[in-house]
Amino acid sequence: MPLDPSFVGHSYPRSEVYEVGRAKIREFAESIGDDHPMYRDPAAARAAGHPDVIAPPTFATILFGRYAMADIVNDPSLGVDYGRLVHGDMKFTYTRPVYVGDRLTVTTHIAEIATRMGNDFLTLRAEIDTEDGERVVTALSQLVIRAEES
């Protein structure tokens, strides 16, 4: 059953706070094979003008997966079949880097729903802000829910 386009514009409640830890940034950098010193060394980050260690640009995928994906998968009225879902595209627009100690929240918005050749295309916008409301990054992701095999 195709996704209902009337969900376009729907927003989910703001997530709980996710505190960005030094170990999480280091582990993420290691997992993607990036040994940039600003992801591990506070002195290197400060020398580059940052208050502390920064996260790699794709670190925001952790928050997207934990909160935005959970919002849509756990919404029975939207009807996303996780078993048929594949990731199509993702981009990030930053206002500043993610820093150690940031306390971030995610607000998920359904930006677009389209059906092409029996597949549903779902575009999500995840606004990642500090708990005080400062925008840090906006993630835009297109997901594909493959057509059921007949």
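Guide: Rings of Phe, Tyr and Trp (its six-membered ring) pair if their centres lie within 6.5 Å; planes under 30 degrees apart count as stacked, over 60 as edge-to-face and the rest as tilted. This is a predicted model, in which local features need pLDDT of at least 70 and side-chain atom pairs count only at pLDDT 80 or more, while totals for chains, interfaces and linings use all residues. Residues are numbered from 1 along each chain as its sequence is written, and side-chain values use heavy atoms, with hydrogens and water left out.

Visitor: How many aromatic pairs does the structure hold?

Guide: Phe28 and Phe59 form an edge-to-face pair, 5.6 Å centre to centre with 85 degrees between the planes. Phe92 and Tyr94 form a tilted pair, at 6.3 Å and 45 degrees. The number of aromatic pairs in the structure is two.

Visitor: Is Phe59 buried or exposed?

Guide: Buried means under 20% relative accessible area, exposed over 50%, and partly exposed in between (1.4 Å probe, protein chains only). The relative accessible area of Phe59 is 0%, so Phe59 is buried.

Visitor: Which residues of helix H1 are buried?

Guide: Helices (H or I, at least four residues) and strands (E, at least two) are DSSP runs, numbered from the N terminus. H1 spans residues 22-31. The buried residues of H1 are Ile25, Phe28 and Ala29.

Visitor: Which residue in S5 is the bridge partner of Leu124?

Guide: Two strands pair if DSSP finds at least two bridges between them. Strand S4 (residues 119-130) is largely enclosed by the rest of the structure, because 10 of its 12 residues are buried. S4 is joined to strand S5 (residues 135-145) by 10 bridges, in the antiparallel sense. In S5, the partner of Leu124 is Ser141.

Visitor: Which residue in the turn between S3 and S4 has a positive phi?

Guide: Strand S3 (residues 103-116) pairs with S4 in the antiparallel sense over 12 bridges. The two strands form a hairpin with two residues between them. The residue in that turn with a positive phi, of about 50 degrees, is Met117.
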